[in-house]
Amino acid sequence: MSRTARSARRRWLGETRYHLVGLTASLLFLAPLAWSVLVSFKPSLEARQPPLPPWPVEGFSFQNYENLAKFGAGIWTYSGNSLTVSAMTVLGTVIISLLAGYGFSRFQFPLKNVLFVLIISTVMIPFQSILTPLFLILTKLGLQNTLAGIVCVYVTLQMPFSIFMMRNAFDSVPKDIEDAARADGASVFVMLRRIMLPLVLPGVATVAIFAFLASWNEFLAALILLTDQKKYTLPVLMAAIRSGQFGTIDWGAVQSGVTMMMAPCLALFLLLQRYYIRGLTAGAVK
Amino acid sequence: MSTHRYSSEKATIELRDVRKSFGSVDVIHGLNLKVEGGEFVVFVGPSGCGKSTLLRMIAGLEDVTAGDIIIAGRDVTDLDPAKRGIAMVFQSYALYPHMSVRENLAFGLEIAKVARDEIDRQVDAAAEILKIGPLLDRRPGQLSGGQRQRVAIGRAIVRKPLAFLFDEPLSNLDAELRVSMRIEIARLHRELGNTMIFVTHDQTEAMTLADRIVVLRDGRIEQVGTPGEIYEDPDNLFVAGFIGSPRMNIVDAVYLPGQKVGVGGFVIQLDAPVASATENAPVKLGIRPEHLVLTGGENGLLSARIDFSENLGSMRYLHCMLDSGERITVELRGSADLVSEGTIRLTCDPQHLRFFSESGERLR
């Protein structure tokens, strides 16, 4: 066998192995998602049967979605709650971390580093352990069992990562650009909005994605802090459906709920992933 | 406030006992300086001498610890940068990366709420002056270093400032581009006639651009003067050594009675007395490399052994060692003097000799 033929064969083998491993790994990741989506389209009765094969045998049906929609106060109420909570959390997180990150990056003040480390170190507190005090505080503030209250909790939990992220984003913008804007006559807020914000947008996108995913999927705090059934967010609703009437589980409704909850996360991530990668690696290489 | 009223005005810039401290560290120690309207002044000094800090204080980007800054007769010490009527060009260009060249140029005018058609007119005029018309719709990332610096200068021009401040604007350019941009800035000064302050650590830029040079060291002014004065008549050893390439040679000598000076065994007669020198006291003798000439006779000034020689084509640098161990550099022009090794004897016209005290002060 000639040398070129041998090296071509070896390359073919290498590439095949490479693609096989990649294919297996992506199958492992995608299978549960595909399973959920497929089951959600089975008729309600079929969805309760043993799960093989995972795809609908007796034809596609939207029965599960109809059941889901009728549950409790109606799916739109819960989706609305979840969307409100997530949107407010994203907004709050972005605004606060933008300003705090700018402050930590640009201003010199006493105990700056101590304060920064203190904020970062709060990620080490398991938040389940402070749920009781949080509950009591929110009750005192009259925010218990309100969406605003839960937004406050989510925003607070997002702070360490978000402030860290935004400080790094601002650190990677040269000070000269800011000085140039000041010399051009921009006030602090004009400069932040027109010069700095576009430059730290990848960081903002990352912070926004994280805040959205965290608040959209959060279960425990929502379960404990929201007591009124009308105010449930989607994860709490899912738990309520699962432990349905008399211990029976409507698997079809659960899977359709999962599919519905997954969609906005995927859409948002695909929309912002370009910024997201840039944000995470900001300042890593010059 | 409109930026228009500044147009083509020639503003004086005055620093009165200006100080700057970062915490307990003093970086500018009470400077006094007056820059005349339309003058091109260069701040030069080694890194860390405070020249950029001083410029940023004039620009308003750095607070003044004490003292006053007066631009065009107005005390601007506590004013925002934008209200001082200055425009600054940064070493890193500091263009807004997310905006096109046109938006970069227009930004300052938009902030000042200038009418749209007026902005367009000014931007086009600046682009015309700097020949960046074809680049107006590009982003800074798509430009070369020289083009970016042009845009940065353009951004300064459109604001029609009272004065331009340049913070080492040529340092990031390659050698060739630096020379052409230097000429361009000189041309710009001639055309616009504004007051300009230019910070650099490059003495060639200082010598070629400046009407007056301000030599700074450790936050103090060492000397202010025209390039000629600074070069020919330095006030102290620091200025003498800092300006001029290769550096001025400094040799230990003794000032002798009868207008004579003794260097390593030789005695030379001076044309005029050095009034402030003490007789029989040690002095530092400064001689520029180009003022040393080879001599065949016995009555030289210095005897030196050639260490190595550098041929630059039009001239030759001889790096020599004196018997006393001091190093000197000799600049020889023309091809006649083809010495490159051995011991040589050098002399110098006494009028080119500069005397300094042991502490570095100039003796005249």
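User: Let's start with chain B: in which loop is the place of Pro246(B)?

Analyst: Keep in mind that this is a predicted model. Pro246(B) is joined to Ser245(B) by a cis peptide bond, with omega about 0°. As for where that proline sits, look between helix H8 (237-242) and strand E11 (249-256) of chain B.

User: Is Tyr93(B) buried or exposed?

Analyst: Tyr93(B) has a positive phi of about 70°, although it is not a glycine. You'll find this tyrosine in the loop between strand E6 (86-89) and helix H2 (101-111) of chain B. Buried means under 20% relative accessible area. Tyr93(B) comes in at 9%, so it counts as buried.

User: And Lys131(B), is that one buried or exposed?

Analyst: Lys131(B) isn't a glycine either, yet it has a positive phi of about 55°. It lies in the loop between helix H3 (116-130) and helix H4 (145-158) of chain B. The cut-off for exposed is over 50% relative accessible area. With 58%, Lys131(B) is therefore exposed.

User: Over to chain A: how far apart do the C-alpha centres of domain 1 and domain 2 lie?

Analyst: Chain A is split into domain 1, residues 3-63, and domain 2, residues 65-280. Between the C-alpha centres of these two domains of chain A, the distance is 32 Å.

User: About how much area do domain 1 and domain 2 of chain A bury between them?

Analyst: Interface size is often given as the accessible area lost when the parts come together. For domain 1 and domain 2 of chain A, 57% of the buried area is on carbon and sulfur atoms. On the domain 1 side, Ser40(A), Arg48(A) and Gln63(A) lose the most, together 41% of what that side buries. The area buried between the two domains is about 1,000 Å².

User: How many residue pairs are in polar contact between domain 1 and domain 2 of chain A?

Analyst: Salt bridges between these two domains of chain A number zero. Counting pairs with both residues at pLDDT 80 or more, the polar contacts between domain 1 and domain 2 of chain A come to seven residue pairs.

Terms used: Residues numbered from 1 in each chain as written. Chains lettered and ligands numbered in written order. Predicted model: local features only at pLDDT ≥ 70, side-chain atom pairs only at ≥ 80, totals over all residues. Heavy atoms only, no water. Domains from an automatic or database assignment. Buried area = accessible area lost by both parts, 1.4 Å probe. Salt bridge = Lys/Arg side-chain N within 4 Å of Asp/Glu carboxyl O. Polar contact = N/O pair within 3.5 Å; in protein donor to acceptor, adjacent residues only side chain to side chain. Helix = DSSP H or I, 4+ residues; strand = E, 2+ residues; numbered from the N terminus. Buried < 20%, exposed > 50% of the residue type's maximum accessible area, 1.4 Å probe, protein only.
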